[in-house]
Amino acid sequence: MALVGVEGHVVEVEADLAQGIPGLTMIGLPDAALAESRDRIKAAIVNCGEEWPSRKITLALSPASMPKRGSSFDLALAAGVLAANEAVPADSLLGRVLIGELGLDGRVRGVPGVLPAVLAARRSGFERFVVPVDNLEEARLVPGASVTGVGSLRSLVAVLKGMHDGDEPPVRPSRPAAPPPLDLADVAGQEEGRLAVEVAAAGGHHLFLLGEPGAGKTMLAERLPGILPPLTVDEALEVTAIHSVAGLLPTDAPLITQPPFQDPHHNASLPAIVGGGSGIARPGAACLAHRGVLFLDEAPEFAPGVLDGLRQPLEKGWASIARAGGTAVYPSRFSLVMAANPCPCARAMDACTCPADRRRRYLSRLSGPLLDRVDLRVTVPRVTRAQMLAEDGRGESSAVVAARVRQARHAAAERYAGTRWRTNNDVPPTELRRRWPVPRAALRDVEHALDTGHITARGYGRVLRVAWTVADLQGLTVPGLDQVNLALGYRTGIVNQALAA
């Protein structure tokens with residue numbers, strides 16, 4: 001299997017032994033790592049007690065026009081040589097997909113991307129798979145796949161001869177219990193911020209938090225994953241496939257069932273955030289946050305090009321990364337949370353001596369097109385001592401908020417049943433206006449904001465999405481004037497005030 005992003009392509013391996021000067025030739029656009037496999041498979045075959053044919057060996061990988069990369073072809077190449085040399089029955093390889101890297105001593109090492117490779121092969125009609133024993137639990141997540149694990153080339157030979165059923169992974173010590181999720185009850189005050197986090201979770205919206213240092217912006221963002229619903233089976237396979245390609249999947253916990261949370265440092269580059277690298281691009285933090293949360297703390301400190309690189313994932317729900325070796329497309333449907341101080345000096349506003357134009361320049365590093373894609377913009381005020389003493393961890397818990405989020409998402413899923421959309425943020429604004437219209441009286445203020453230029457046409461559509469989410473949280477069947485105006489306030493209340501300060 002050849003992977004381009006998370007898309008797998010079936011590769012047929014052919015082996016031919018002919019008269020001539022002994023040697024091995026590989027054709028089919030292999031990269032350097034794959035071309036080096038000729039030495040790995042020869043050493044592995046000899047060290048496992050099998051005979052290396054003293055003939056001219058040709059290995060062909062088809063389709064020949066598609067570049068092949070990596071060491072995951074080793075197992076299939078070695079099996080092809082063994083079958084051509086009649087060391088194993090050739091019929092045992094028919095309709096079988098083999099994935100794995102070989103060591104010089106014949107060990108079969110795990111490789112990244114096994115889950116998306118098996119998923120793609122299964123969609124192409126293949127049912128039988130041989131994978132490294134380290135990737136066995138990951139591959140068995142695919143419904144309908146009959147997967148055999150091997151720890152060495154010797155085991156593969158025995159499997160192909162019908163003398164062995166495959167290896168099982170060793171019994172590993174149980175993983176320590178995961179720490180409990182962070183609780184919203186720990187956040188003192190911040191009623192508006194807490195509600196914004198709840199709305200973002202219920203509708204899959206993007207959120208910008210502006211406030212003084214220590215006000216609770218990071219605490220609110222870190223507690224957003226704890227109120228998101230668990231991933232469905234299909235979503236879990238999507239997220240796990242991306243982490244598998246990135247090589248970040250633990251062997252003892254192959255399925256990711258909770259929404260991921262990514263919080264890259266503000267020095268991160270564009271490839272680290274969106275994805276990149278030589279050859280076929282690898283997923284970045286935005287892709288790894290698929291179906292979860294991407295948190296950019298101190299957002300104005302990120303390079304402007306990095307921030308603007310998020311515009312496509314925010315709008316489309318996927319990232320397309322073109323390189324010389326091909327174009328990789330990664331799903332990137334996440335909730336973006338950005339946090340920023342009002343001023344680069346990071347002091348309390350009553351102690352800040354920075355001129356107004358410096359504060360304006362600082363926040364203007366967040367471009368207009370990027371902010372236009374953010375639905376919720378909230379000012380996080382300083383927490384007073386009275387608020388801390390009054391609540392002291394006795395605020396509304398994440399469990400209570402998560403229950404409301406589940407009900408709101410269930411209401412949205414019922415409304416969009418029969419479509420490809422599941423949350424309000426997924427629905428194109430034109431479809432939302434046409435198929436689920438809001439009463440004209442409720443649109444009075446938002447239409448006035450559009451006419452006066454306070455919001456864009458894109459902003460108008462996003463206000464309607466948020467209004468539907470607020471209505472779902474309140475158990476309403478359609479948004480009214482209060483819900484639309486609350487959504488409008490979230491969109492227009494913060495940035496203009498901050499820039500005018």
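Trainee: Which residues is Thr240 in contact with, leaving aside its neighbours within four places in sequence?
Mentor: Bearing in mind that this is a predicted model, Thr240 is in contact with Leu115, Leu141, Leu249, Pro254, Leu255 and Ile256 once those sequence neighbours are set aside.

Trainee: And where is Thr240 found, and is it buried or exposed?
Mentor: Thr240 is found in helix α9, which spans residues 233-245, and it counts as buried because its relative accessibility is 0%, where the cut-off for buried is under 20%.

Trainee: Which residues other than glycine have a positive phi?
Mentor: Leu29 is one of them, with phi near 60 degrees, and Glu86 is another, with a positive phi of about 60 degrees. Leu29 lies in the loop between β4 (23-27) and α1 (32-35), whereas Glu86 lies in the loop between α3 and β6.

Trainee: How do those two come out on accessibility, buried or exposed?
Mentor: Leu29 counts as partly exposed because its relative accessibility is 45%, while Glu86 is exposed, with a relative accessible area of 72%.

Trainee: Where is there a cis peptide bond?
Mentor: The bond from Ser62 to Pro63 is cis, with omega near 10 degrees, and Pro63 lies in the loop between β5 (56-62) and α3.

Trainee: Changing topic, what is the strand order in the open sheet?
Mentor: The order is β12-β15-β18-β11-β19, so to speak reading across 5 strands, and the pairing is parallel. The edge strands are β12 (261-262) and β19 (376-380), each of which pairs on one side only.

Trainee: How many bridges join β15 to β18?
Mentor: There are 4 bridges between β15 (residues 293-296) and β18 (residues 335-340), which run parallel, and in this pair Leu294 stands opposite Leu336 in β18.

Trainee: What about the pairings of β11?
Mentor: β11 pairs with β18 in the parallel sense over 4 bridges, with Leu207 opposite Val337 in β18. β11 also pairs with β19 in the parallel sense, over 5 bridges, and there Leu209 stands opposite Val378 in β19.

Trainee: Which way do the residues of β11 point?
Mentor: Leu207, Leu209 and Gly211 point one way, Phe208 and Leu210 point the other way, and all are buried.

Trainee: Which strands does helix α7 lie across?
Mentor: Helix α7 (residues 191-203) lies across β11 (207-211), β18 and β19, and it runs at about 155 degrees to β19.

Trainee: And at what angle does α7 pack with α20?
Mentor: α7 and helix α20 (residues 457-473) pack at about 100 degrees, with their axes 9 Å apart, and they are therefore roughly perpendicular to each other. Glu198, Val199, Ala202 and Gly203 in α7 meet Val466, Thr469, Val470 and Leu473 in α20. The residues of that contact divide into 5 nonpolar, 2 polar and 1 charged.

Trainee: Last one: how do α2 and α3 pack?
Mentor: Helix α2 (residues 37-47) and helix α3 (residues 74-84) pack at an angle of about 60 degrees with their axes 10 Å apart, and they are therefore oblique to each other. Their crossing is right-handed. Ser37, Arg40, Ile41 and Ile45 in α2 meet Asp74, Leu77, Ala78, Val81 and Leu82 in α3, and the residues of this contact divide into 6 nonpolar, 1 polar and 2 charged.

Conventions. Residues numbered from 1 in each chain as written. Predicted model: local features only at pLDDT ≥ 70, side-chain atom pairs only at ≥ 80, totals over all residues. Heavy atoms only, no water. Pairing = 2+ DSSP bridges. Helix = DSSP H or I, 4+ residues; strand = E, 2+ residues; numbered from the N terminus. Contact = heavy atoms within 4.5 Å. Axes fitted to C-alpha atoms, helices over the stretch in contact; angles between N-to-C directions. Buried < 20%, exposed > 50% of the residue type's maximum accessible area, 1.4 Å probe, protein only. Parallel < 35°, antiparallel > 145°, perpendicular 65-115°, else oblique. Left-handed = near helix turned anticlockwise from the far one by under 90°. Nonpolar A, V, L, I, M, F, W, Y, C, P; charged D, E, K, R; others polar.
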